[in-house]
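Please keep the sequence and the coordinates in view while reading.

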Amino acid sequence: MQTIDQAMQDKVLAVARAGMTSAEAIGFFRVSLGLYYLAGLMTEETLDFKQIDAKYNRFIYHSIGGGHSIASVLQFMSGEKVLRVLQAERFRAAFAEHCPDIPVDSISFLISLNLGVAKSLSGLDAVGPVVDWIEREKARTSQ
């Protein structure tokens with residue numbers, strides 16, 4: 001898994017600064033950080049989630065304060081509110097500019113991965129607006 005180094009932190013914070021309000025900036029922060037976390041799962045390495053999550057949680061705490069964690073970031077990314085971020089052109093442009101190591105066209109796959117993990121933990125099928133958005137994105141990117 002990609003380490004949460006200073007360069008990655010700077011990229012996530014740069015995306016967050018593209019938000020026009022504090023709520024939008026926090027949404028941009030959560031989604032960009034969550035996408036890095038999810039992209040880091042794409043490895044054959046054995047992952048020490050306790051250690052990884054502790055590093056992410058420390059960065060989250062220092063950046064946006066208490067009450068947030070990597071678990072809450074991933075939960076946010078599986079709910080309908082994430083669509084405000086995913087559909088914001090400002091977010092997509094900032095993410096493409098500052099985070100070129102995660103292609104914008106892979107976002108729907110990573111969101112789908114997050115929903116798959118949530119389904120495995122809860123046993124509930126993923127349905128609703130986020131799933132609908134993923135399907136629209138798959139159709140758009142395969143054209």
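How many residues does helix α8 have, and what distance does it reach from its first C-alpha to its last? Helix α8, residues 129-141, has 13 residues and reaches 18 Å, close to the 18 Å expected at 1.5 Å a residue; the expected span is 1.5 Å times one less than the number of residues. Its buried residues are V130, W133, I134 and E137. Seen down the axis of α8, these buried residues fall within an arc of 100 degrees, so they line one face of the helix; the arc is that of the directions from the helix axis to the C-beta atoms. Here buried means under 20% relative accessible area, exposed over 50% and partly exposed in between, with a 1.4 Å probe and protein chains only.

The model is predicted: local features need pLDDT of at least 70 and side-chain atom pairs count only at pLDDT 80 or more, whereas totals for chains, interfaces and linings use all residues. Residues are numbered from 1 along each chain as its sequence is written, and side-chain values use heavy atoms, with hydrogens and water left out. The mean pLDDT (the predictor's confidence in each residue, from 0 to 100) is 90, and 91% of the residues reach 70 or more. Confidence is lowest in helix α7, residues 107-122, at a mean of 81, and highest in helix α6, residues 89-98, at 98.

The protein contains eight helices and zero strands; both are DSSP runs numbered from the N terminus, helices being H or I of at least four residues and strands E of at least two. Of the 143 residues, 41% count as buried. Helix α2, residues 22-40, is largely enclosed by the rest of the structure, because 14 of its 19 residues are buried.

Two residues illustrate the local packing. K11 is found in helix α1, residues 6-16, and is partly exposed, with a relative accessible area of 24%. Leaving aside neighbours within four places in sequence, K11 is in contact (heavy atoms within 4.5 Å) with Y36, H98, C99 and D101. K11 and S32 are 21 residues apart in sequence, and their C-alpha atoms are 8.6 Å apart in space.

S72 lies in helix α4, residues 70-76, and counts as buried at 18% relative accessibility. A polar atom of the S72 side chain lies 2.8 Å from the backbone nitrogen of S69. Not counting residues up to four places away in sequence, S72 touches R30 and G67.

Conventions. A polar contact is a pair of N or O atoms within 3.5 Å; within protein, one must be able to donate a hydrogen and the other to accept it, and residues adjacent in sequence count only if both atoms are side-chain atoms.
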